[in-house]
Each structure stands twice: as C-alpha cells, then as structure tokens.
Amino acid sequence: MKRCPNCNRSYTDEALNFCLEDGTPLVVDAGSLESSETRRYVAPPTEIYRPSPGSNPAPPPPMVNQVPQHQGQWSPMPPPQRKKSSAVWWILGGVAVLVVIGVGVVVMFLALASISTQSNSNRPVIANTNTNRNTNINRSTNTNSNRANSNTSTPLPAEFSDDFSESKWTVSSSEYGDLWYDNDEYHMRSKDRTYLVMYAPSNDYNTENATVQVTTRNVDGVSPSSGYGLIVHGERSKDDKLEDYAFLIFTGPNPQYKVLMHKGGSETKMVDWTPSSVIRKGTLTNELQVEIKGPALIFKINGQLVTAVTDTANFKRGRVGLYTSDAHEVAFDDLEITR
C-alpha cells in the first residue's frame, strides 16, 4: 500500500506514484507491509475540493468499501444530459417558409398579369435601314399588333377624317427628330441624314381598299432632300420592321415625286425620283392622294394622276403614316379616308 504524506490518503494501486488529490509523490506505507489485514480500497471523493492558498483544511471523509470499475481512472464530469427535442420548431419553421413562398408566387403572377395588360401605345421603335444614305429610321405607333394579327373582322368606317385639331398622334423629341402639334397641324422634323416615320394612332386609320389623302407643306422653305409625304398600309412586321408604301415629294427648285416600299428592314424604290410640274414649290401646300383598289395603288398630286404600282408585297391593309427626312420642318393637315 502507498500513502500520500501530505493528505494521508492511502492507495492500493501499486502502479500509482502520485497522489490523485494534490499530486504529491506517494510513499510506501510501512505499517501496511507488516499487517496481515485485508487491504481496503479508499475511493476518491465525488467532488474535487481545492483549498485556497494559505489554508490547510481537513480532507473530506473517505468513502470505503467501494470497488472501482476501472482501477486508476476517475472523472469528476457529470453524466451527459439529453437535450430537449427541437422537432416542433423545425416543423413550424418549414410551414413559415412555405407560406412566404406561396405569397411570393401569387404576387409574381399578379405582376405579370398587370404587365401583360399594359398597351405599348406611343412607343418609339428604332430600326436601321440599308439605303445608300446610311440613314436611320424612327417609327412610333400606337399598337402592338403585326400585320398577320390585324383585326379585319371589325367593320371599318366608310369615312374617317382628322383635321389635327386634337392631339391624337405621338408628340415627342428624340435623337431622331421632333413631333408636335401647332396651329391645328401635325409637325415633323427629322435629324440630319435621317428620316422619320410615324404611323397613325388607331385602326380607324386603316387603309384597306380606301382612298387616302392629306395636305402637306414645307414650313422652312427648304425641302427635305429625301422627300416627305404620305404612307399607306403601314404596319410592323413580326420582327418589328417597317412594312408600308410611301408616296413622297420634293418641293425644291426641280419638284419631283417617288414611291418607296419598306419591307424586312430595307427600302425599295417602286418609282424612282420623277419630275412633275403639278407639284407646288417652296412653302406652298400640296395635296397627296393614294387610291387603293385591291392590289392596285394609284397616286395623285393636287388631283392629277402621276403614277400607279401593284402591291407586290401583298400588304393589303395597314394604317396611314407620315414621312419626312433631314432637318427641315414639314406640316400635315386635313387627313381623309373614304371607302
């Protein structure tokens, strides 16, 4: 048997060399060697008591007749405690997440429905043209339909007119030009080396099998070099390109007219510049008229027949449009459509 000379604790484990309480080297207990009594194991206390410096309290009474399961090992740590189950909180958290996701989906569908009902009226559309002048085109319409989806089931009015006393067409200023009303006229001015196209604001201006006429004048006395005038069968294609026929005049020193077709982003000359004595020069007013009979388009200036073409693109229908080019102001008035 070994004993701690400091706290007098006895240990029967011959393998121990230091006291488990205070770490003091153990000594052999001489009395134990002479005694023939049965050795008793004194177990360490269930708590560790460390006296404060300078004090020398008596050790707690030993626990006798307790045989350890694992000799030479002892731990004061309490047995592990079972944690309370948190399954309820996980379930509640999952339900809350599902509710938030459901609300988000409902809000998203409502937003998409609201966006889909908004019209695209007065939306400017810009496209590049492939002409020899390397110009741009700026077009604004009041519909989001294409020619294939045009509503032909609704009866068109036998007569329709617009004296431009009410603001119905688009009014705007952009990098491609200006559009505005003044003195009961609709005014247009393109930027330099560009041309500006404006389609009518509603299907009331449809040109299917109609006679369309408008009066126009050059305001600043300098005619746009690429012309200005009237458009029929104006519509956007599925890929948002211009589709129309344009009847244009030049009112400079040598008056001329021409007929263009816009299709697939390109401009085709149906009738090239042709001199005409019926065109009034300078700032004088000219009346342009297009008579549409099926595929036939007949063009008149100031009541005089000048040319005719066939609707080879099979446009058939569309809206009235107005056209100008270069940085010179022109005005339009008294638009009439009859069938």
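# Cut-offs and conclusions in a predicted model

User: How many disulfides does the count come to?

Analyst: The count comes to zero disulfides. The structure is a predicted model.

User: Why is cysteine 4 too far from the closest cysteine sulfur for a bond?

Analyst: A disulfide requires two cysteine sulfur atoms within 2.5 Å. The closest cysteine sulfur to that of cysteine 4 belongs to cysteine 7, at 3.5 Å, so this pair is too far apart for a bond.

User: Is cysteine 4 buried or exposed, and how do you know?

Analyst: The limit for a buried residue is under 20% relative accessible area. Cysteine 4 has 0% relative accessibility, so it counts as buried. Cysteine 19 has a relative accessible area of 5%, and therefore it is buried as well.

User: Where is the place of asparagine 17, between which strands?

Analyst: Asparagine 17 belongs to the loop between strand E2 (10-11) and strand E3 (27-28). Leaving aside neighbours within four places in sequence, asparagine 17 is in contact with Lys2, Thr24, Pro25 and Leu26. Its C-alpha is 9.8 Å from that of valine 28, which is 11 residues away in sequence.

User: Why is asparagine 17 called partly exposed?

Analyst: Partly exposed covers the range between the 20% limit for buried and the 50% limit for exposed. With a relative accessible area of 44%, asparagine 17 falls in that range and is therefore partly exposed.

User: What makes the contact of arginine 189 and aspartate 178 a salt bridge?

Analyst: The side chains of these two residues meet at 3.4 Å, N to O. The cut-off is a Lys or Arg side-chain nitrogen within 4 Å of an Asp or Glu carboxyl oxygen, so the pair qualifies. The pair links distant parts of the chain, with arginine 189 in strand E11 (residues 185-190) and aspartate 178 in strand E10 (residues 177-182), 11 residues apart. Asp178, Arg189 and Glu329 are linked in a network of salt bridges.

User: What makes glutamate 208 and arginine 317 a salt bridge?

Analyst: Their side chains meet at 3.8 Å, N to O. The 4 Å limit still includes this value, so the pair is a salt bridge. Glutamate 208 lies in the loop between strand E12 (195-199) and E13, and arginine 317 in the loop between strand E20 (304-310) and strand E21 (319-325), 109 residues apart. Glutamate 208 has a relative accessible area of 22%, so it is partly exposed. A search of the whole structure finds eight salt bridges.

User: How do you know that E13 pairs with E18, and which strand do seven bridges join to E13?

Analyst: Two strands pair if there are at least two bridges between them. E13 and strand E18 (residues 286-293) share six bridges in the antiparallel sense, so they pair; here threonine 211 stands opposite glutamate 291. Seven bridges join E13 to strand E22 (residues 330-338), and these strands also run antiparallel. In E22, glutamate 336 is the bridge partner of glutamine 213.

User: What makes strand E13 mostly covered?

Analyst: Six of the eight residues in E13 (residues 211-218) are buried. In the protein chain, 39% of the 339 residues count as buried.

Definitions and conventions:
Residues are numbered from 1 along each chain as its sequence is written. This is a predicted model: local features need pLDDT of at least 70, side-chain atom pairs count only at pLDDT 80 or more; totals for chains, interfaces and linings use all residues. Side-chain values use heavy atoms; hydrogens and water are left out. Buried means under 20% relative accessible area, exposed over 50%, partly exposed in between (1.4 Å probe, protein chains only). Helices (H or I, at least four residues) and strands (E, at least two) are DSSP runs, numbered from the N terminus. Contact means heavy atoms within 4.5 Å.
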